[in-house]
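Please read these points alongside the model.

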Amino acid sequence: MPPYSHLVVRLLKTAVINTVRESQKASAASSKQTANEAAPASSNSTSSHSRASNSTSAASAASRERQNKSPNYRRLAAGGLAALLLSVAAIGAMTTWMETWFGSQSTRDFVIAAMTRIGLVLGAIWLAWDSMRRPASWFPPGLAMAGVVGIVVVAAQPKLILAVVPLLGGLAVLSSVLRAFRGR
């Protein structure tokens, strides 16, 4: 293996270990929180309002526990697929087995490019998984939707990038100013 591939393998190994540790911490924290919320429910309270709030808090704790468990496996799957696609694309670019498999050089190049792009997007999703689960408080939600629309417009008509980028920049500044005034 080339020397840089050892570095990539070491980085992937460290990332997987950190992800597993994070999931263990999250499950331990949610089980502690569930135990803390279940303790008041076992006390002898006669008020119907307190019983309703206890059952609601127990249901929300169970819901949070399910949310904490399932996304971590999805994050691992996204990271594993990203690593697999990028590895196969790198091996395919360095060897000729893909050319013999697909029959032509252009098909091989297309498949390598597609696997690289998809692997990079999945890698970005893997890195940003925790922030995807909760929206950024500093980022206006309307601007995110405008950004998606801007990307679609630029994808359909690339020449419009000269109009879309300044428009989105102006919208970002305007929304930040309005938020600053609204916060006072």
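In which helix do Trp97 and Trp101 lie, and how many residues apart are they? Both belong to helix 3 (residues 97-102), 4 residues apart, about one turn of the helix. Helices here are DSSP runs of H or I with at least four residues, numbered from the N terminus.

1. Basis. This is a predicted model, in which local features need pLDDT of at least 70 and side-chain atom pairs count only at pLDDT 80 or more, while totals for chains, interfaces and linings use all residues. Residues are numbered from 1 along each chain as its sequence is written, and side-chain values use heavy atoms, with hydrogens and water left out.

2. Aromatic pairs. The structure holds 2 aromatic pairs. In one, the ring centres of Trp97 and Trp101 are 5.8 Å apart and the planes stand at 70°, so this pair is edge-to-face. Rings of Phe, Tyr and Trp (its six-membered ring) pair if their centres lie within 6.5 Å; planes under 30 degrees apart count as stacked, over 60 as edge-to-face and the rest as tilted.

3. Trp101 is exposed, at 63% relative accessibility, whereas Trp97 is partly exposed at 34% and Phe102 is partly exposed at 36%. Buried means under 20% relative accessible area, exposed over 50%, and partly exposed in between (1.4 Å probe, protein chains only).

4. Helix 6. This helix (residues 141-156) has 16 residues and reaches 23 Å from its first C-alpha to its last, close to the 22 Å expected. The expected span is 1.5 Å times one less than the number of residues.

5. Leu143, Gly147 and Gly150 are buried. Seen down the axis, the buried residues of helix 6 fall within an arc of 65° (taken from the directions from the axis to the C-beta atoms), so they line one face. On the other side, Pro141, Met145, Val152, Ala155 and Ala156 are exposed.

6. Leu160 lies in the loop between helix 6 and helix 7 (161-183). With 37% relative accessibility, Leu160 counts as partly exposed.

Note on methods:
Helices (H or I, at least four residues) and strands (E, at least two) are DSSP runs, numbered from the N terminus.
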